[in-house]
Amino acid sequence: MTTTPITTTPTPPSSSTEMVTVTIDGKTQQFPKGTVLLEACNQMGAGVPFFCYHPGLTSPAVCRQCLVDVKGQPKPVPSCYTPVADKMEVMTKSPRALDVRRQMLEFTLVNHPIDCPICDKAGECLLQKHYFDWDAKLARNDGIKIKKAKVVDIGPRIVLDQERCILCTRCIRVCDEVAKTHQLEMADRGDHEILTTAPGHKLDNPYSLNTVDVCPVGALTSKDFRFEMRVWELYTTPSICPGCATGCNIEVHHSRGKIQRLVPRQNDQVNEHWMCDEGRLTYKRVHAERLAAPMSGGAPVDWDEALDDAGRVLRAALDAGSAGVGVVMNAQSTNEDLYALARLTFDHLGLGKAYLAGLDQGWSDDILVSADKNPNTAGAMAIGAGRLRTLLDLANDLKSGALHTLLVVGTHGVIGKDGAAGALPLDRLTTLVVIGTHRDEVSAAAKVALPLCEWAESDGTFTNRLGMVQRVRAAVPPAGDSLPGWEILSHLARKLGATMEFTEAKTVFAEAKQKLPFMKDAEWGRPLLPVQLRFAGSRG
Ligand code: SF4
Ligand code: SF4
Ligand code: FES
């Protein structure tokens, strides 16, 4: 029998950590005292299976799938519930350990509906994986399986299939321990035990979609992703959520140029194993109402013509009086786009009027969600270095006639739903040039509008609320003719007689890292091409 390795999170020792010596399957190694035995076994490549264990949650040891033999113990022990101890001798592949794990798996499967052909979890299901790794035999149960409810609508974003549930309680613990709300619980007993919503509750907390990630089987599925895609057709690219200033680490799962879902990527300093539901849906804007072609005078033109036109109208405006020319930066842009724009604005053109736009503040909590709904306010403020003014200042400058020309790079939040930006009298301008991602009121009002890549279409970095510079990676091809901001700005700079020859995002990053103290320790990381989604059980 061959088993696919299961890896669990390594526990890095600190210099003050007390170490214990453990022998696992004849190999001896030191581990920090307190390490969960299951983690120790799997760090040594033992491939011990598990269902109810999750490294980010407490361990109730309810599934018994992780049983191993420990010398001196009369019965196999649940390794997810047992800390390593000095001189412990563990046998993960003794005949008894293999036998009890096989029996537990058979129990788990007795009433399981084996929906794999129509189940969203197929391809990343721990039950499917363990069955093929550990048993792969025909069922011995030829009786009628217990029927339970399917397609139960338990909340705005989740559907429950009670037959597929293996009663591991991971979803209950995510709600209790991460979202801090008790919305799920078990009811009934024995074969008839079911997962259900707590009396008077729906599964509607702001972190509810984490239950879908941690569910080891297809019992909880996301309404947004359900039946959209088989997971083995997905490619994955590591990136950062653009939904707020927290900067949760994510994987972008995509196929054929379209993002299908965002899932959390473990970073213990930022988001551990989790992300909020709102953040998961930020991918939708990447594919909605995009400005896909350069526009000049309201008509689509090619890039050369659009850049010529943008350069000409901006040059004329500068010649008419650079004091009346302003620039709007955006807290949704990457550090690289902002750095290129700051170089053009302050170093090359010597402009004195620069403003910072971004999405309006929103709700927040003390779990993950920030009130600042922009992923790079910290980067924008640092790059602006005290030179950026607010949209209220912009509105005042427009009303007073202090501005006749504006270059807007990133239109998110420029026309706010109810803030000062909503009252921006852009019609007072003689010239408006926009570099933007979407077809909106701002790009529609522009003399020249140049299509800009969204966060998931270009490489760069965001700086989160903790000041951590984190890498964003292009996951899908740019919409239409869109280009990264730093590239458009390099072309535009040339048209305006400035030299700013950036050839790739990495060279912008390298220059910014040299010049900006907040980026001095930042790492670009190694090049990564999107890879086909492996078995994703490590997320669970
Ligand atoms: S729904 Fe999934 S996560 Fe919740 S108890 Fe059932 S199997 Fe476990
Ligand atoms: S907390 Fe913020 S960064 Fe994290 S997933 Fe939610 S919106 Fe995205
Ligand atoms: S994983 Fe150990 S008892 Fe469930």
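## Domains and overall build

Domain bounds here come from an automatic or database domain assignment. On that basis the protein chain is divided into domain 1 (19-109), domain 2 (110-129 + 140-227) and domain 3 (295-524), and the C-alpha centres of domain 1 and domain 3 lie 53 Å apart. This is a predicted model, in which local features need pLDDT of at least 70 and side-chain atom pairs count only at pLDDT 80 or more, whereas totals for chains, interfaces and linings use all residues. Residues are numbered from 1 along each chain as its sequence is written, while chains are lettered from A and ligands numbered from 1 in the order in which they are written.

Taken along the principal axes, the box filled by the C-alpha atoms of the protein chain is roughly 90 × 50 × 40 Å. The chain has 13 helices and 24 strands, where helices (H or I, at least four residues) and strands (E, at least two) are DSSP runs numbered from the N terminus. Of its 540 residues, 49% count as buried; a residue is buried if 20 or more other C-beta atoms lie within 10 Å of its own, exposed if 12 or fewer, and partly exposed in between, with C-beta atoms placed from the backbone. Among contacts with a separation of 6 or more, 69% join residues 24 or more positions apart, a contact being two residues whose C-beta atoms, placed from the backbone, lie within 7 Å.

## Surroundings of the two ligands

Ligand 1 is surrounded by 14 residues, of which the closest are Cys165, Cys168, Cys171, Cys215 and Ala219; a residue is near a molecule if its C-beta atom, placed from the backbone, lies within 6 Å of it. The shell around ligand 1 divides into 12 nonpolar, one polar and one charged residues. In this classification Ala, Val, Leu, Ile, Met, Phe, Trp, Tyr, Cys and Pro are nonpolar, Asp, Glu, Lys and Arg are charged, and the others, Gly among them, are polar.

Around ligand 2 there are also 14 residues, with Cys241, Gly243, Cys244, Cys248 and Gly279 the closest. By class, the shell of ligand 2 comprises seven nonpolar, six polar and one charged residues.

Three strands form an open sheet in the order S6-S7-S10, with antiparallel pairing. Its edge strands, S6 (152-153) and S10 (220-222), each pair on one side only, pairing being assigned if DSSP finds at least two bridges between two strands. S6 and S7 (residues 158-160) are joined in the antiparallel sense over two bridges, and Val152 stands opposite Leu160 in S7.

Pro83 is found in the loop between strand S4 (77-78) and strand S5 (88-91). Pro83 is partly exposed, because 15 other C-beta atoms lie within 10 Å. Leaving aside residues up to four places away in sequence, Pro83 touches Gly34, Thr35, Val36 and Leu37; Gly34 is 49 residues from Pro83 in sequence, yet the two are 5.1 Å apart, C-alpha to C-alpha.

## Buried faces of two helices

In helix H10 (residues 391-400), Leu391, Leu394 and Leu398 are buried. Seen down the axis of H10, these residues fall within an arc of 50 degrees, so they line one face of the helix, the arc being that of the directions from the helix axis to the C-beta atoms. Their cover includes strand S16 (325-330), strand S17 (353-357) and strand S18 (388-389). H10 is followed by Gly401, whose phi is positive, near 80 degrees.

In helix H13 (residues 505-515), the buried residues are Ala505, Val508, Phe509, Ala512 and Lys513. Viewed down the axis of H13, they fall within an arc of 135 degrees and therefore line one face of the helix. They pack against helix H8 (335-348), strand S22 (460-463) and helix H12 (485-495).
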